[in-house]
Amino acid sequence: MKMTGEREIAAPRETVWAALLSEEVLKECVPGAEEVSGTPEDGFDAVVMQKVGPVKATFRGRVILSDMVEPESLTLTGEGKGGAAGFAKGGADVTLEEVEGGTRLVYDVEAKVGGKLAQLGSRIVDGFAKKMADQFFSRLEEVIEGPKPEDDDEVAEKKGWLKKLIS
């Protein structure tokens, strides 16, 4: 399955680039992430808990960053194994473009599943994969931009931590 999308993030391209390479940001942005460790050079190991339809599993996997052209583009490639639930693997080509007021992040994602997950049917799996990609990039935007005016103080403090870290 293939998905494409884009987001406009109100931050400089270098800030968005740094966020994509950060272990802390990845843990914050990957839906269901319980652990993320590693470096951009060596790759990231992750433990992610997800429920797809009736199948709930903990996936252990690895994400490798390649084709990095700072601060313009990179490729994320990952694979996770969820025991009896099966496996998921895929990649995302991410491009960062300077635009007025920030950065346009464009992504092309390709994903594949096997095992019990594949038996759920493409409609459920495709919908889930699209939701995961949307959640990841929405959360990335929130972490980078910080709180929106309508957020209460507690939510605003949690969302704005990356901006404080980079500033």
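These are my notebook entries on one predicted model and what I looked up in it.

**Conventions.** I number residues from 1 along each chain as its sequence is written, and side-chain values use heavy atoms, with hydrogens and water left out. Because the model is predicted, local features need pLDDT of at least 70 and side-chain atom pairs count only at pLDDT 80 or more, whereas totals for chains, interfaces and linings use all residues.

**Entry 1: overall layout.** I found six helices and seven strands in the chain. Both are DSSP runs numbered from the N terminus (helices H or I, at least four residues; strands E, at least two). Along the sequence, I read the order β-α-α-β-β-β-β-β-β-α-α-α-α. The chain has 167 residues, and 40% of them are buried; here buried means under 20% relative accessible area, exposed over 50%, and partly exposed in between (1.4 Å probe, protein chains only). Of the contacts (heavy atoms within 4.5 Å) with a separation of 6 or more, 48% are between residues 24 or more positions apart.

Entry 2: I took strands as paired if DSSP finds at least two bridges between them. Strand β4 (residues 55-69) and strand β5 (residues 73-81) run antiparallel and share eight bridges. Thr75 stands opposite Asp93 of β6. Five residues lie between β5 and β6 in this hairpin, and Gly83 in the turn has a positive phi of about 60°.

**Entry 3: nonpolar cores.** I defined a nonpolar core as a set of buried Ala, Val, Leu, Ile, Met, Phe, Trp, Tyr and Cys residues joined through side-chain atoms within 4.5 Å. The largest core holds 32 residues, and those touching the most other members are Val16, Leu20, Leu74, Val94, Leu105 and Leu140. Helix α4 (residues 122-145) gives the largest share of this core, seven residues. Another core, of 10 residues, lies apart from it and includes Phe59, Leu117, Leu120 and Val125. I then listed the neighbours of Leu74, leaving out residues up to four places away in sequence; among them are Trp17, Leu20, Leu65, Met68, Ala92 and Val94.

**Entry 4: Val106.** Val106 belongs to strand β7 (residues 102-114). I class Val106 as partly exposed because its relative accessibility is 22%. Beyond four places in sequence, Val106 touches Gly5, Glu6, Asp93, Val94, Thr95 and Glu97. Val106 and Val94 are 12 residues apart along the chain, with their C-alpha atoms separated by 5.7 Å.

**Entry 5: helix α4 and Glu145.** The expected span of a helix is 1.5 Å times one less than its number of residues. For the 24 residues of α4 this gives 34 Å, so the 34 Å between its end C-alpha atoms agrees. Glu145 lies in this helix and counts as buried because its relative accessibility is 13%. A polar atom of the Glu145 side chain is 2.6 Å from the backbone nitrogen of Ala10. Just after α4, I recorded a positive phi of about 85° at Gly146.

Note on methods
Polar contact = N/O pair within 3.5 Å; in protein donor to acceptor, adjacent residues only side chain to side chain.
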